[in-house]
Amino acid sequence: MRATDPVWQLALQADLAFPGVPGEPPLLSRLIARYVARVQRAATRDPSCAIAFARVVGLVDPPSALMRPAVVRLAARHGSR
């Protein structure tokens, strides 16, 4: 795996969410997109979740950092609509 692979995968998944982009995202991509949306909503309510998300988006931490137990708990607690 190259260092840029996780970033490329995040960008690809984000692109597939736009209307008009050809192709159906695979199930795993749809599940990841749902989870990331929950993390983003939780980040608006919890500073530690916002920091974790910013570190991933800022390429300081790998995307897998969003699966740390503390972030998963915050996404479950604060990520609902």
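Where is the place of D46, and between which helices?

Modeller: This is a predicted model, so local features need pLDDT of at least 70 and side-chain atom pairs pLDDT 80 or more, while totals for chains, interfaces and linings use all residues. Residues are numbered from 1 along each chain as its sequence is written, and side-chain values use heavy atoms, without hydrogens or water.

D46 lies in the loop between α2 (27–43) and α3 (47–57). Helices here are DSSP runs of H or I, at least four residues, numbered from the N terminus. D46 is buried but has no salt bridge. Buried means under 20% relative accessible area, and exposed over 50%, with a 1.4 Å probe and protein chains only. A salt bridge needs a Lys or Arg side-chain nitrogen within 4 Å of an Asp or Glu carboxyl oxygen. The nearest side chain of opposite charge is R77, 5.7 Å away; Lys and Arg count as positive, Asp and Glu as negative, and His and chain ends are not counted. D46 also touches L74 and H78, leaving out residues up to four places away in sequence. Contact means heavy atoms within 4.5 Å.

Now follow the chain into α3. Its buried residues are C49, A52, F53 and V56. They sit on the same side of α3 because they cover an arc of only 95 degrees around the axis, taken from the directions from the helix axis to the C-beta atoms. P47 and I51 are exposed on the other side. The cover over the buried residues includes α1 (5–16), α2 and α4 (69–78). F53 contacts V36, V39, Q40 and L66, leaving aside neighbours within four places in sequence.

Conventions. Helices (H or I, at least four residues) and strands (E, at least two) are DSSP runs, numbered from the N terminus.
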